[in-house]
Amino acid sequence: TTVAALAISATAAMAEGETIGFSQIGSESGWRAAETTLTRNQAEERGYQLQFSDAQQKQENQIAAIRSFIAQGVDAILLAPVVATGWDSVLEEAKEAEIPVVLLDRQVDSSDDLYLTAVGSNLVHEGEVAGQWLADAVGDKECRIVELQGTTGSSPAIDRKTGFENAISGHDNLSIVRSQTGDFTRAQGKEVMESFLQAENGGQDICALYAHNDDMAVGAIQAIKEAGIAPGKDILVVSIDAVPDIFKAMADGEANATVELTPNMAGPAFDALEAYWADGTMPEKFIQTESKLYTQSDDPAGEYEARKDLGY
Ligand code: AHR
């Protein structure tokens with residue numbers, strides 16, 4: 001065998017890296033953009049061919065993408081499911097085709113034998129951490145809270161609400177007075193916050209905002225400022241994700257706390273797939289990522305600098 005022939009076969013082997021279909025929800029938030037970037041980077045580093053499909057927030061698009069991945073015979077499917085219900089049939093089709101499916105960051109209501117593993121955080125716990133932070137920050141003061149929920153029917157919207165309510169349940173001075181979806185977007189976070197402010201005496205009757213993600217909090221902060229009220233002071237702001245812009249707001253004193261959700265879900269997902277492909281090793285059904293609380297005392301300017309070029 002000549003050196004040239006060896007070089008050609010090595011290139012062919014690299015080009016034959018596993019093909020992964022990735023059904024992504026869309027690009028509703030900075031966090032989502034970072035998850036997409038990191039998944040692409042991880043796939044490239046590992047020599048995979050990544051088939052990327054952006055569902056633009058529609059479950060039907062995700063189901064169609066998964067069916068197309070199955071038809072192509074991909075080696076594995078990554079699915080970030082927009083909502084929790086309605087996945088049984090398509091997951092059964094993937095199982096039938098012996099294609100392992102790994103869930104990223106959101107959960108489904110289907111039986112766990114329909115997917116290989118799920119990588120994500122404990123979403124209830126994230127809500128509890130946010131609620132506990134607020135309970136501690138407020139002390140005995142009466143506090144009327146407004147809540148911006150994530151996408152209706154998505155596991156983070158359901159679980160972050162439950163967790164937050166668990167944390168404040170023993171505190172009679174804390175109550176959620178308004179709660180509505182902002183669909184995890186900055187624009188809707190702003191719009192819904194404007195209606196909350198209007199309904200609550202121009203914002204004078206609101207003590208705190210709990211947003212299910214940072215992007216909605218950033219939109220809401222803008223609305224609060226436009227109403228002539230000081231976010232982070234007159235209205236406390238706590239949210240989830242730890243994207244660069246929330247650290248900027250924290251450094252400016254306009255947001256108070258965030259709970260980190262790592263956007264690197266693909267790393268643990270690909271590790272699990274590689275072990276499975278190598279010798280059939282079955283991963284745990286849930287690979288849990290960390291949920292760290294950051295407040296204004298945790299060097300938000302430094303955290304902003306550390307994250308601003310990471311693809312958010
Ligand atoms: O599923 C994770 C959530 O989805 C993130 O918290 C949010 O920013 C994203 O849109």
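**The annotated domain**

Reply: An unreviewed UniProt entry carries the annotation "domain: Periplasmic binding protein" for residues 20–265. UniProt positions follow the numbering used here, feature names are shortened, and such annotations may be inferred rather than shown by experiment. The numbering starts from 1 along each chain as its sequence is written. The model is predicted: local features need pLDDT of at least 70 and side-chain atom pairs count only at pLDDT 80 or more, while totals for chains, interfaces and linings use all residues.

Helices (H or I, at least four residues) and strands (E, at least two) are DSSP runs, numbered from the N terminus.

Axes are lines fitted to C-alpha atoms, for helices over the stretch in contact, and angles run from 0 to 180 degrees between N-to-C directions. E5 (residues 117–120) runs parallel to E11, joined by 3 bridges, and alanine 118 is placed opposite phenylalanine 286 of E11.

Leu38, Thr39 and Gln42 of H2 meet Ala266, Gly267 and Phe270 of H10, where contact means C-beta atoms, placed from the backbone, within 7 Å. By class, these residues are 3 nonpolar, 3 polar and no charged. Ala, Val, Leu, Ile, Met, Phe, Trp, Tyr, Cys and Pro count as nonpolar, Asp, Glu, Lys and Arg as charged, and the others, Gly among them, as polar.

The other open sheet also has 6 strands, in the order E7-E6-E8-E9-E10-E12, with mixed pairing. E7 (174–181) and E12 (293–295) are the edge strands with a single partner strand each, so one side of each has no neighbour in the sheet. On average, neighbouring strands of this sheet are turned by 20° against each other, direction ignored. Between E6 (residues 143–149) and E8, which run parallel, there are 4 bridges; valine 146 faces leucine 209 of E8. Helix H8 (residues 214–226) packs on the sheet, touching E6, E8, E9 and E10 (257–260), and its direction makes about 150° with that of E9.

The ligand is surrounded by 13 residues, the closest being Ser29, Trp31, Asp105, Phe184 and Asn213; the criterion is a C-beta atom, placed from the backbone, within 6 Å of the molecule. H2 (30–45) and E9 (236–241) are the elements giving two or more residues to this shell. The shell holds 5 nonpolar, 2 polar and 6 charged residues.

As for confidence, pLDDT (the predictor's confidence in each residue, from 0 to 100) averages 95 over the protein, and 95% of the residues score at least 70. Residues 1–15 stay under 50, with 2 contacts beyond four places in sequence. The model scores ipTM 0.99 and pTM 0.94.

Key: Two strands pair if DSSP finds at least two bridges between them.
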